[in-house]
Each structure stands twice: as structure tokens, then as C-alpha cells.
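User: I'd like to go through this model with you. Can we start with the pockets?

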Amino acid sequence: MTHAPDRHSRTMLPIPDRPGWGLTTYDAKDPETTYPPIEPLLPPEGAPNVVVVLLDDVGFGASSAFGGPCNTPVAERLASGGLRFNRFHTTALCAPTRQALLTGRNHHSVGMGSITETATSAPGNSSVRPNTKAPLAMTLKLNGYSTAQFGKCHEVPVWQSSPLGPFDAWPSAGGGFETFYGFIGGENNQWNPALYDGTTPVEPPATPDEGYHLTEDLADRACGWMRQQKALMPDRPFFLYFAPGATHAPHHVPLEWADKYAGKFADGWDVQRERTFARQKELGVIPADAGLTPRHDEIPAWDDMPDQLKPVLEREMEVYAGFLEHTDHHVGRVLDTIEDLGILDNTIIYYIVGDNGASAEGTHNGAFNEMANFNGMAALETPEFMVSKMDEFGTPSSYNHYAVGWAWAMDTPFQWTKQVASHWGGTRNGTIVHWPAGIDEPGGLRSQFTHVIDIAPTVLEAAGLPEPIMVNGVQQSPMEGTSMLYTFKGAEVPERHDLQYFEMFANRGVYYKGWSAVTKHRTPWVMVGGALPAFDDDVWELYDGASDYSQANDLAAEHPQMLAKLQRLWLIEATKYNVLPMDDRTSERLEPQMAGRPTLVHGTTQLFYPGMGRLSENSVVSIKNKSFSVTAEMTVGDRMAEGVIIAQGGRFGGWSVYAVDGRAKFVYNVLGIHSFAVEAEAPIPSGTHQVRMEFAYDGGGLAKGGDVTLYYDGDAVGSGRVAATQPMVFSADETTDIGYESGSTVTPDYTSRTSRFTGKIHWVQIDLGLDDHDHFIDPDERFRIAMAVQ
């Protein structure tokens with residue numbers, strides 16, 4: 001669309017003020033006193049509203065809009081009035097895709113070679129976005145757009161994720177969003193999320209028992225924000241980024257949505273792939289000559305799964321399908337609000353059905369608690385255990401994920417899954433674009449190669465805005481994507497984005513003018529153990545996309561020269577965009593020292609004060625696989641002590657020191673599967689006292705147990721045993737709180753609303769090791785140690 005002449009020079013942001021010159025009178029009452037009106041900064045006339053909807057962990061073959069078994073009527077409705085893109089690509093992992101989308105640059109260019117939790121000191125994997133690559137939201141805000149984000153933000157470096165920031169990478173600070181309501185990190189409990197309003201921690205407005213669900217809450221907020229924005233600023237366009245945590249694990253959904261799919265997956269994932277493949281051809285979302293890629297040996301056949309487990313596996317997929325349909329429903333509420341406001345015609349809507357392929361991080365059997373696999377403890381979830389828990393899948397008492405086979409089926413017709421950036425199963429996501437004012441062929445299909453880095457330049461071109469050269473005083477590097485606007489006008493227009501590298505954990509490939517050369521290096525669901533080949537020993541494959549949409553026919557043997565050409569091209573692109581050095585480590589990179597990234601906490605002692613809370617796991621000294629003590633000084637009045645002193649983690653893994661019936665108690669919760677409790681023999685006396693818990697780790701490796709002793713003022717008052725511990729991570733979303741507990745609770749003795757400590761806590765201190773033989777901390781010594789640590 002054409003735009004009227006613009007009086008602003010917009011390549012330098014903020015746009016420099018240009019004061020007008022003219023007669024300055026001495027007296028404001030002088031009739032010759034005149035000044036031009038103060039005009040608000042707005043984008044060029046006709047600039048559209050922009051809505052980007054990004055779902056999480058949805059494979060190409062999941063949504064009914066692209067032939068899948070999960071009903072997504074909103075996506076179908078949007079596609080009937082817009083365009084389906086069947087060759088749109090992501091990065092194969094969530095945080096990299098999101099940072100690429102928000103900046104218009106390749107994920108390694110903006111430091112997001114993997115997720116923030118596995119960041120290293122290498123520039124391409126640091127998780128730190130260079131200030132030379134300002135996000136789209138900042139560019140739009142500085143050009144007069146209203147901007148808001150609702151949902152998941154996985155772009156904050158873990159050492160900057162505490163309630164004190166720094167907030168440079170947070171959406172409502174350096175991210176350019178004037179409004180943010182959502183969560184920081186890779187996933188969240190849909191029933192008990194850890195929410196932020198801007199940079200302020202907030203609690204959900206209701207409980208699961210009162211009908212709360214995160215996706216509904218996010219939609220409520222987004223709809224309310226749009227109504228208010230148009231009521232107060234009708235002439236100002238907005239940029240809305242709606243990124244629910246769905247359908248990332250845990251797969252949480254009201255059971256009536258899951259029950260709609262009862263019995264629909266009884267034939268298993270192999271049959272489901274065939275059904276989806278047929279439906280995709282029937283819809284025309286894949287070419288008629290596309291091939292269905294075969295199952296790899298690493299993925300078990302449905303017929304080979306134990307009969308005892310098959311009802312569990314069915315239920316996993318029923319819950320997932322209900323979760324996706326539920327999410328689509330609430331996306332529909334957002335789109336209905338746009339229509340009700342009368343602004344649908346000039347609103348560009350991107351509905352990106354997944355930030356990567358379907359997630360295969362749930363093991364061959366699926367998971368009651370997906371954190372079991374991340375801790376190398378999936379064996380705890382035996383078939384018998386899974387059968388006993390299947391009715392809880394999707395509810396607040398589970399943290400569930402589906403099996404690898406279902407992820408593969410949800411990526412039909414492609415090979416592999418999320419994390420496998422080499423193949424389309426990891427990176428090709430169905431995408432819908434709707435813009436009545438800018439699309440001439442509603443219901444059309446587009447097959448030009450496109451990528452998530454193309455969205456930012458598309459939005460700028462549609463808004464009539466130049467790519468900025470300077471933002472906040474920093475010269476900018478060019479965007480690396482290609483505007484998709486040309487595709488809106490014709491299916492036959494030659495593609496302009498004809499070269500693109502891919503890489504994730506050394507799974508890598510390159511696309512060039514229809515051809516793709518790829519090599520899979522590691523398998524996503526193998527978290528611990530398993531031998532990896534040397535990079536130079538990886539086996540490369542070659543595909544001709546002109547005749548092979550799904551990468552079903554490997555031509556490496558027939559065209560060795562083309563393969564060599566593309567291998568060299570991958571290396572050139574990898575060098576250009578900070579991909580090197582490749583890093584195929586996974587669990588090792590969770591440990592900051594091994595990974596080489598900064599940590600917020602240093603030393604072996606950490607001091608806390610009452611009211612501190614919402615401290616992410618990376619904001620607290622790690623007590624895993626070692627001995628440690630927790631000491632708290634408190635004053636107890638006439639009322640006996642009750643409530644949480646300190647808690648880390650939640651219902652699905654963590655520990656807590658608290659008081660119940662007046663007595664100090666320590667509980668260690670292993671994955672929500674095993675719980676070990678030690679209680680004092682006597683109540684905490686009234687007055688000011690120290691309560692101390694010492695955990696003497698057995699040693700001899702990871703995840704071992706230990707002996708627990710409780711003390712009042714240095715005197716032992718109870719002892720017991722913890723048989724096992726979590727070695728790597730407690731939770732991706734639960735936090736550490738002092739004097740109360742947010743989210744789901746480690747112990748069933750309290751809920752988040754009843755957990756507040758009844759006495760007065762003065763301080764709490766964690767010490768690694770057990771060097772204090774008096775089992776008591778002298779207050780003066782405590783302060784001396786704390787200052788020394790600082």
C-alpha cells in the first residue's frame with residue numbers, strides 16, 4: 001500500500017527533535033504570539049496494526065489448518081481469509097526463534113544459539129543481544145506505535161532474571177514493549193504460573209480451583225489492552241505480540257477439552273502420520289507428489305510399545321490435542337476483539353503455529369513430570385507408575401509431556417522434531433498471514449521459502465518505516481531477513497529469501513535455491529549418556545526441494561559435487577553469523593562454570609531477608625549434589641510458629657524449611673514422585689531463636705541422598721534421612737521465596753495462600769558445606785561473612 005509523504009526522518013531513533021524558528025514575542029498576550037501545535041509522534045499515515053501470535057512447540061502436522069488431528073477452527077477461519085505459508089521456517093528451538101523474530105536477525109547473530117539456560121561465553125551462544133541489533137518493538141515504539149507483549153519471554157539471560165534485573169533484556173525495558181504481562185523463561189505451570197506485570201512479580205488473579213488457566217488470563221489481558229488502546233488512542237496503531245506458553249510442556253488443560261479426543265488416538269502414532277499425510281494432500285497444504293518420510297530406528301513403532309502403556313500413551317495425546325484446541329480458542333478471543341473494534345481490515349495478523357517442531361523431550365514413554373528426564377531420572381517413571389497417574393495428566397497435580405512418537409507424528413510429513421535444525425521436522429512451521437487491506441487472494445497458499453527473521457522487515461515495509469541506522473545512540477547492523485510483503489501479491493512470484501543456514505546443538509544444514517544439505521548430529525531426547533560422533537564424522541544428506549517437499553529422497557550419492565558446494569556454503573554462513581564454535585553439550589551447559597557464563601550469586605554463602613521472593617533457580621546458590629545448611633533467625637510470639645521459612649521449587653521438585661504445628665520441618669521433594677520429611681521433636685520456643693537444618697550429602701556421585709539434622713539454637717531437635725535428590729534442576733518455573741511460597745508448593749501442608757510465616761523472620765542463610773560445628777551462627781560473624789562474600 002502507498003503512504004503519504006512523511007515529515008519525519010526516521011532512520012535515527014529516537015527521532016531528533018527539530019524546533020521551529022520564528023518570531024519570539026516578549027509577552028504571550030501579544031497577538032503575534034503563535035506556535036505550531038504540539039503533535040503526537042505517529043507512524044506514517046495508513047500504517048497497519050500488527051499482531052503476531054506465536055504458539056509454542058507445535059509441529060507442522062498438529063493443527064487441523066495444516067492437516068493435523070488437533071482441531072484449530074480459529075486458525076482455519078483466519079486462513080480462509082488470508083494466506084497459508086507451507087514453507088515458513090523457525091530455528092528448531094524456542095528462545096532462538098523468538099529472538100530472531102523480534103530482531104529480524106539470525107539467532108546466533110543475536111547471541112541466542114540455544115536457550116538462555118545453556119548459554120556460554122561464545123558470542124553466538126551468550127544469550128546477550130548486541131545493542132547493535134535493536135528489537136522490532138523498540139523501532140515501532142520510537143516511531144509512534146503502541147506496543148504490548150503478553151505471554152512467554154525466553155530472551156532474558158538467566159543471570160539477569162531476578163526481580164532486580166538488570167532489565168535491559170526484559171520486554172518492558174530494553175525490549176521495546178510498553179506493556180508486558182507474562183512470564184520469564186522457557187515454560188510455566190499453566191495452573192500456577194510465575195507472572196510479571198512489567199518487571200514486578202504478581203500473583204495470578206485466581207486459583208486453579210477457581211477456574212484459573214494461564215492462556216485464558218493472557219487472552220483477557222490482551223483483549224483488555226487492545227480495547228483500552230483504541231478507546232484512548234484510536235489514531236495510533238499498535239503492535240501486539242501474543243505468545244502463550246502453550247503448547248509447551250507441561251500440557252495443562254481443563255479436562256473437558258482433552259476428553260473431546262477420547263479414543264481418537266487408539267491406533268497409535270504410525271497410523272496417525274498416515275492419516276495426517278492423507279489429509280494434508282487433501283487440503284493441498286503439501287504438494288501432491290510429496291513423500292511421507294519413514295520412521296527412524298531411534299523412534300519406537302507403536303506396535304512395539306507395551307500393551308500396558310498404550311492407554312497412557314493415548315491419554316498423553318488426547319491431553320495434548322485438547323491443549324492445542326483450547327489455545328486456539330483463546331487466540332480466537334483475541335482476534336474477535338480486533339474484529340469487534342472494527343480494525344480487522346488494516347491489521348496484519350501473523351499466526352505462527354509453533355516456534356519449532358513438536359517437542360520430543362518427553363522420552364519414549366512420555367512423562368508425568370518432564371523434569372525427570374532433564375535430571376536423568378526418567379527411570380523413576382515406570383510403566384506401573386505412569387498407569388497410576390494417567391488420569392491426572394493435564395491437571396494441576398501433573399507436569400506432563402507426551403511420548404517421542406507423538407512428537408514425530410505431529411511433525412508429519414517430515415523427519416525428526418524440535419531441536420533437530422537439520423531437518424524440516426525441527427524447523428518448518430505452518431504459518432497464516434491475514435491482512436484484508438494488503439492481501440488480494442484470501443484463502444491462498446504460498447510456498448516461497450520464508451523464515452522467522454523475515455517478519456520484522458515485512459512489518460517495517462508494510463508500515464512505511466525505514467530500517468533504522470541508529471537506535472538510542474548506537475549504530476545498527478542491517479537486518480538479516482527479507483520482507484515477505486512481495487508474497488502477499490502472488491503465489492508465483494520468485495522467492496527472494498533463497499539462502500539460509502540452520503544449526504542447533506550441531507544439528508545443522510543449509511538451504512540454497514531449492515536445495516538443502518543437512519546432517520543430524522544428536523538426538524533430542526537423549527539427555528544423558530550416548531556417544532556423539534566427531535563433527536567431521538557426521539553424515540550429510542542432500543535434498544532437491546523442487547521435487548522433494550518433505551526431504552524424503554536423499555540425493556547425496558547422486559550429486560556429490562552439489563553436496564560439497566552446500567557444505568562449504570554452510571561453513572561460510574556459519575562463520576558469518578557467529579555459529580562457530582559448534583557446541584553439542586546439553587546438560588553440561590546447565591552448570592554456569594562449565595558453560596562459562598556469569599552467575600548472579602558467588603561464593604558459598606547466600607543471605608536472604610523476609611519478603612524476598614520470586615528468585616529463579618539461577619538467582620540462588622546451588623545446593624545440588626553437596627552438603628549444605630539453612631539457618632534462620634526468627635522471633636516467635638505467643639502464637640505457635642506456622643508457615644514457610646524458605647522454599648525452593650514447588651510441587652514437582654524442591655525443598656522447604658517450614659513450621660507446622662509449631663515444629664520445624666524439612667521436606668525434600670523429588671520430582672513430585674518421592675517426598676522425604678524430617679520433623680523436630682519439639683515446637684520452636686517463643687522468643688528469638690535460630691532454626692537450622694543441616695543436610696550431610698552421601699557423596700559418591702550425583703542424585704545421592706543424605707542425613708538431615710534439625711537444630712534450635714545449636715541443639716539437635718530432630719533427624720532423618722533423604723534417600724535421593726535431584727541432581728540438575730528443580731524446576732523451569734518455580735522459584736525461591738522467604739517467609740512464604742508462591743506458585744505450587746513443595747509441601748502439601750500449605751498452599752501459596754496459606755504459606756506465610758506467622759512469626760517474624762530476621763534473616764535466612766544458606767551455607768554450602770558443613771564447617772560450622774557449633775550448629776549456630778553468631779550474628780556478628782554472619783555479617784562479616786556476608787560482607788566478605790560481597
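User: Which residues lie nearest the centre of the second largest pocket, and how many line it?
Analyst: The lining has 35 residues, and Asn192, Gly743, Ser744, Thr745 and Thr751 lie nearest the centre. On a 1 Å grid over the protein atoms alone, a pocket is an open set of points with protein on both sides within 12 Å along at least five of seven lines, a cavity is a set where a 1.4 Å probe fits but cannot get out, and lining residues have an atom within 4 Å of a point.

User: Before we go on, what are the ground rules here?
Analyst: This is a predicted model, in which local features need pLDDT of at least 70 and side-chain atom pairs count only at pLDDT 80 or more, while totals for chains, interfaces and linings use all residues. Residues are numbered from 1 along each chain as its sequence is written, and side-chain values use heavy atoms, with hydrogens and water left out.

User: What volume does the second largest pocket have, and how does its lining divide?
Analyst: Its volume is about 760 Å³, meaning the space filled by probe spheres set on the grid points, which are joined across faces, edges and corners. The lining of this pocket has 13 nonpolar, 14 polar and 8 charged residues. Ala, Val, Leu, Ile, Met, Phe, Trp, Tyr, Cys and Pro count as nonpolar, Asp, Glu, Lys and Arg as charged, and the others, Gly among them, as polar.

User: How many cavities of 30 Å³ or more are there?
Analyst: The whole structure has 5 of them. The largest cavity holds about 50 Å³ of space. Its lining includes Asn192 and Gly743, both also among the residues nearest the centre of the second largest pocket.

User: New topic: how many aromatic pairs does the search find?
Analyst: It finds 31. Rings of Phe, Tyr and Trp (its six-membered ring) pair if their centres lie within 6.5 Å; planes under 30 degrees apart count as stacked, over 60 as edge-to-face and the rest as tilted. Phenylalanine 414 and tyrosine 549 make a tilted pair, with 5.5 Å between centres and 45° between planes. Phenylalanine 414 is in the loop between helix H10 (404-410) and helix H11 (424-427) and tyrosine 549 in the loop between strand S19 (541-544) and helix H13 (560-576), so the pair ties together parts 135 residues apart in sequence. Helices (H or I, at least four residues) and strands (E, at least two) are DSSP runs, numbered from the N terminus.

User: What about tyrosine 501 and tyrosine 577?
Analyst: They form a stacked pair, 5.7 Å centre to centre with 15° between the planes. Tyrosine 501 counts as buried at 1% relative accessibility, and tyrosine 577 at 15%.

User: Which rings form a cluster?
Analyst: Ring pairs link Tyr261, Phe265, Trp269, Trp302 and Trp406.

User: And helix H12, how many of its residues are buried?
Analyst: H12 (residues 455-463) has 8 of its 9 residues buried. Cover for these buried residues includes strand S2 (49-54), helix H2 (94-103) and strand S10 (347-352), where contact means heavy atoms within 4.5 Å.

User: What comes just after H12?
Analyst: Glycine 464, with a positive phi of about 70°.

Technical notes. Buried < 20%, exposed > 50% of the residue type's maximum accessible area, 1.4 Å probe, protein only.
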